[in-house]
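The notes follow in the order in which I checked them.

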2 protein chains.
Amino acid sequence: MSRQLTEIQKKILEHLIDQIKGKGIPPTLAEVARHFGYKNRATVQQHLSAIEKKGYIRKSSKLSRGIELTLEDKFFVPRPVLGEVAAGSPLIIYPDAIDTIDLPTIVRMPKDSFLLRVKGDSLKDAYIFSGDIVIINPNLEPRNGQIVVAILDDAVVVKRFFKKKSQIELISENPEYKPMIIDKRHPSFKLVGIVVGVYRSMEKRRVG
Amino acid sequence: MSRQLTEIQKKILEHLIDQIKGKGIPPTLAEVARHFGYKNRATVQQHLSAIEKKGYIRKSSKLSRGIELTLEDKFFVPRPVLGEVAAGSPLIIYPDAIDTIDLPTIVRMPKDSFLLRVKGDSLKDAYIFSGDIVIINPNLEPRNGQIVVAILDDAVVVKRFFKKKSQIELISENPEYKPMIIDKRHPSFKLVGIVVGVYRSMEKRRVG
DNA sequence: ATTATTACCATACAAATGTATGGTATTTAG
DNA sequence: CTAAATACCATACATTTGTATGGTAATAAT
């Protein structure tokens, strides 16, 4: 039995993963049909059977939204790491082939946030170490005191954010570095996002 | 309008959170009824209306499994912290009134794991600091090299685990502490669980 | 030429689901 | 005492959902 998915089956599977991993709940047949513009649930039904026969999903029969992914190996979900941060260096975003780490099922991303891997010891004063994964939310307004990732003159800064009248102060955890004070409309200042958390896997991983 | 939940409503809400955050998908009325031993969906239906009226959930009407939590302020979910670990001290498990932290939606617990807050600097050699949250999975067989939380002679140890023939070696990250070697059937040895991850919130929290 | 696979459609149906309504018993508040 | 809120039960019903069956058209395989 071939495990090879057809183009359409692949698209449907991707949509299932998107919904289950991203939105949190598996779609119904009708919802998938609507998403792909099918006039009929039966079409989806048949595609799902095909995908199931090829081993990519499992269906808890008769239960609504009973689609399970068989990909994930119970405790770890592959999540893309979009790039690397190292204070002082340019922000590296992997262009296409994204690196992935296995995040415990534990760690689920809200729709709009993403992961960056920390490189180097430049953040150790914030107790963030090389190899740690920082969770970045790009859609939140930074509040005073939050740690943000920003790009200033093509280099990454990871500092605590303080907004004053027309200026922004970026303060390092390490008191030896003095605060950076920049104008709100500084042309080369770009806020990447807010560091909402740090995650470190305790698994020993084959590190390149 | 009182936002105060009754005991039963609280239990149902907790079950909803457990299912949604832990299992990933919201339950149906029938499933909740079954879980609580109700003979009738309508009972659950009425409790959900009450809980919704008090503002804790939202229901996408007519949709199956359409229960959404409104608690989480979009990005944070309250999760119980079961206790505190500080290597060398007894394991403190908060008896009843559990402490809670706001975990980003990001951080979802697998069904059987729990959180402990690290106290003191005893784990700093493993780059785990006071205030960090460790994610413990009690249901995994420890593999060699994993960091485990265990209780030995009434004190907590947090060390790397290595199983030899009939002995267990517990090795500290800090090489100054020499390995503990104990018999597999040591009477006062109890494995609490495996540290599967560390999470640190970057929010400044009002710390007691 | 025939068969199998893929990709759709339509229709039908039982079971599951959310919702509505009415009822009873107990507790709480005025 | 009365009214309101709480915690259950039963029944009813329109939709939704998963599933089954049959059909059409296009393509690929034998």
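For the pairs below I counted a salt bridge when a side-chain nitrogen of Lys or Arg lies within 4 Å of a carboxyl oxygen of Asp or Glu. The model is predicted, and I kept that in mind throughout.

**Entry 1: salt bridges**

I looked up the pair Glu68(A) and Arg58(A) and found that their side chains form a salt bridge, with N to O at 3.6 Å. Glu68(A) sits in strand S2 of chain A and Arg58(A) in strand S1 of chain A, so this pair ties together parts that are 10 residues apart in sequence. I then checked accessibility: Glu68(A) is partly exposed at 36%, and Arg58(A) is partly exposed at 40%.

I went to chain B for the pair Glu68(B) and Arg58(B), and there the side chains meet in a salt bridge at 3.6 Å, N to O. Glu68(B) belongs to strand S2 (residues 67–69) of chain B and Arg58(B) to strand S1 (residues 57–59) of chain B, 10 residues apart. Glu68(B) is partly exposed, with a relative accessibility of 37%. Arg58(B) is partly exposed, with a relative accessibility of 40%.

How many salt bridges does the structure hold over all chains? I noted 6.

One of them joins the side chains of Glu31(A) and Arg65(A), at 3.0 Å from N to O. Which parts of chain A does this pair tie together? Glu31(A) is in helix H2 (residues 29–36) and Arg65(A) in the loop between strand S1 (57–59) and strand S2 (67–69), so the linked parts are 34 residues apart in sequence. Are the two residues buried or exposed? Glu31(A) is buried at 17% relative accessibility, and Arg65(A) is buried at 6%.

**Entry 2: DNA strand D**

Of the atoms of DNA strand D within 4 Å of the protein, 50% belong to sugar and phosphate.

A backbone N or O atom of Arg65(A) is 2.8 Å from a phosphate oxygen of DNA strand D. A polar backbone atom of Lys39(B) lies 3.3 Å from a phosphate oxygen of DNA strand D. For Asn40(B), an N or O atom in the side chain lies 2.9 Å from a base nitrogen of DNA strand D.

Which elements supply at least two residues each of the surface near DNA strand D? In chain A I listed H2 and helix H3 (41–53), and in chain B helix H1 (7–23) and helix H3 (41–53). By type, the residues of this surface are 8 nonpolar, 11 polar and 6 charged.

**Entry 3: confidence in chain A**

I looked up pLDDT last. The average for chain A is 71, and 66% of the residues score at least 70. Confidence in chain A is highest in H2(A), at 92, and lowest in strand S5 (residues 99–104), at a mean of 45.

I marked two stretches of chain A. Residues 72–79 have a pLDDT below 50, and this stretch makes 28 contacts in the model beyond near neighbours in sequence. Residues 95–111 also have a pLDDT below 50, with 66 contacts beyond near neighbours in sequence. Where pLDDT is low, predicted coordinates should not be read in detail.

Notes:
Residues are numbered from 1 along each chain as its sequence is written. Chains are lettered from A and ligands numbered from 1 in the order in which they are written. This is a predicted model: local features need pLDDT of at least 70, side-chain atom pairs count only at pLDDT 80 or more; totals for chains, interfaces and linings use all residues. Side-chain values use heavy atoms; hydrogens and water are left out. Helices (H or I, at least four residues) and strands (E, at least two) are DSSP runs, numbered from the N terminus. Buried means under 20% relative accessible area, exposed over 50%, partly exposed in between (1.4 Å probe, protein chains only). A residue is near a molecule or strand if one of its heavy atoms lies within 4 Å of it. A polar contact is a pair of N or O atoms within 3.5 Å; within protein, one must be able to donate a hydrogen and the other to accept it, and residues adjacent in sequence count only if both atoms are side-chain atoms. Ala, Val, Leu, Ile, Met, Phe, Trp, Tyr, Cys and Pro count as nonpolar, Asp, Glu, Lys and Arg as charged, and the others, Gly among them, as polar. pLDDT is the predictor's confidence in each residue, from 0 to 100. Contact means heavy atoms within 4.5 Å.
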